[in-house]
Amino acid sequence: MSAAYQRIAIAIQYLQQHYQQQPSLTDIAEQIHQSPSHFQRQFQDWVGLSPKKFIQHLTLQQAKPQLQAAHSVFDTSQTLGLSSASRLHDLFVQIEGMTPGEFKSGGATLTIDYTFAQTPLGQILCASTQVGICHLAFCDDQATALQRLYADYPNAHYRPLDSTFQHSVVDLLSTAKQPQQLKLHLRGSAFQLKVWQALLSIPDGQLRSYSQLAHGIDHANAQRAVGSAIGQNPIAVIIPCHRVIQSSGALGGYRWGLSRKINLLEHELMPNRLLHDTDKTSHADPHTA
């Protein structure tokens with residue numbers, strides 16, 4: 001992960017915790033030991049908003065009593081033609097659950113190829129079986145990321161493979177190209193698979209609450225279980241769990257960091273900004289730390 005991204009992540013976390021005090025530009029810049037002018041430019045480049053407007057966004061967000069109020073912001077953006085062209089609908093992304101045997105054996109019959117690559121929001125680990133992508137996760141440390149992958153499939157055979165296929169999947173995070181078909185090969189319960197499939201039906205630039213998702217899969221009283229399944233989503237971005245927020249309109253948490261969630265939602269409103277940032281990235285050597 002770049003030093004610039006780490007600094008902005010710290011600033012965003014500080015703003016999330018202190019926006020009610022309406023901190024000044026100098027107050028925020030001091031948190032990451034930068035001059036106010038340099039911080040202002042860097043924050044604008046990464047987030048797409050000035051720090052002042054970001055604080056206004058947070059203040060407004062907390063004042064919205066209903067989720068529908070939050071929807072209107074994104075509905076307006078689509079009316080203005082700002083929605084991203086890189087939508088991944090369930091028509092293009094198909095989930096195939098692993099067989100009971102594959103599930104029970106911890107992946108003993110599977111060969112899993114994996115690679116690390118860089119994206120505008122940090123390093124990502126992509127892993128796939130012969131059927132499809134089984135794991136896609138942002139990571140700050142390669143060794144830790146691999147340990148988590150191994151824990152999901154403890155008996156699989158692993159191969160570090162810098163494949164064109166896997167990099168094409170990573171490229172979907174930063175380009176406007178739509179895949180003809182993308183298959184995911186996932187280890188999960190029937191309920192988890194159902195929740196993950198429901199996430200795929202949320203269009204770019206729109207939000208859903210945990211309650212809405214629970215109702216959508218005919219489990220209105222299972223909001224906690226839905227939230228748990230969302231938290232266990234093994235496929236970052238492509239299964240868009242970042243589009244789920246609290247019923248109050250608050251953003252809530254995100255498995256790979258709240259600053260990434262904010263950037264992903266900003267990307268879907270202003271795709272040209274993040275697409276431009278990808279020009280500065282390159283694929284990482286899978287054998288470097």
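**Entry 1. Cysteines**

I looked up Cys126 and found that its sulfur lies 8.2 Å from the closest cysteine sulfur, that of Cys134, which is too far for a bond. The model is a predicted one, in which local features need pLDDT of at least 70 and side-chain atom pairs count only at pLDDT 80 or more, while totals for chains, interfaces and linings use all residues. Residues are numbered from 1 along each chain as its sequence is written, and side-chain values use heavy atoms, with hydrogens and water left out.

I took a disulfide to be a pair of cysteine sulfur atoms within 2.5 Å. In general, a disulfide is a covalent bond between the sulfur atoms of two cysteines. From Cys134, the closest cysteine sulfur is in Cys126, at 8.2 Å, again too far for a bond. By this rule I count zero disulfides.

Buried means under 20% relative accessible area, exposed means over 50%, and partly exposed lies in between (1.4 Å probe, protein chains only).

**Entry 2. Confidence and overall figures**

I noted pLDDT, the predictor's confidence in each residue from 0 to 100. The protein averages 75, and 72% of its residues score at least 70. Helices (H or I, at least four residues) and strands (E, at least two) are DSSP runs numbered from the N terminus. Confidence is lowest in helix H5 (residues 67-79), with a mean of 34, and highest in helix H7 (residues 142-152), at 94. Over residues 63-91 the pLDDT is below 50, and this stretch has 56 contacts in the model beyond near neighbours in sequence. The pLDDT is also below 50 over residues 271-289, a stretch with 40 such contacts. A contact means heavy atoms within 4.5 Å.

I recorded 13 helices and eight strands in the protein. Of its 289 residues, 51% count as buried. Among contacts with a separation of 6 or more, 67% join residues 24 or more positions apart.

**Entry 3. Nonpolar cores**

I next searched for nonpolar cores, each a set of buried Ala, Val, Leu, Ile, Met, Phe, Trp, Tyr and Cys residues joined through side-chain atoms within 4.5 Å. In soluble globular proteins, nonpolar side chains tend to be buried together. The largest core here has 59 residues, and Phe43, Leu184, Trp196, Leu199 and Ile239 have the most contacts inside it. Helix H1 (residues 3-18) gives the most to this core, with seven residues. A second, separate core has 15 residues, including Ala127, Leu146, Leu149 and Tyr158.

I placed Leu184 in strand E6, where it is buried at a relative accessible area of 0%. Leaving out residues up to four places away in sequence, Leu184 touches Val93, Gln94, Ile95, Glu96, Ile133, Ile235 and Ile239. Leu184 and Gly97 are 87 residues apart in sequence, yet their C-alpha atoms are 8.1 Å apart in space.

I then turned to helix H9 (residues 190-200), whose buried residues are Gln192, Leu193, Val195, Trp196, Ala198, Leu199 and Leu200. What covers them? The cover includes strands E1 (93-97), E6 (182-186) and E8 (244-245), together with helices H10 (210-216) and H11 (223-231). Beyond its neighbours within four places in sequence, Leu199 is in contact with Leu213, Ile230, Ile239, Pro240, Cys241 and Val244.

**Entry 4. Loops around H11**

I found Asn233 in the loop between H11 and E8, buried at 0% relative accessibility. A polar atom of the Asn233 side chain lies 3.0 Å from the backbone oxygen of Ile239. I listed this as a polar contact, a pair of N or O atoms within 3.5 Å; within protein, one must be able to donate a hydrogen and the other to accept it, and residues adjacent in sequence count only if both atoms are side-chain atoms. Apart from neighbours within four places in sequence, Asn233 is in contact with Trp196, Ile239, Cys241, Arg255 and Trp256.

Most residues other than glycine have a negative phi, and most peptide bonds are trans. Val237, in the loop between H11 and E8, has a positive phi near 70° and is buried at 15% relative accessibility. Asp218, in the loop between H10 and H11, has a positive phi of about 65° and is exposed at 67%.
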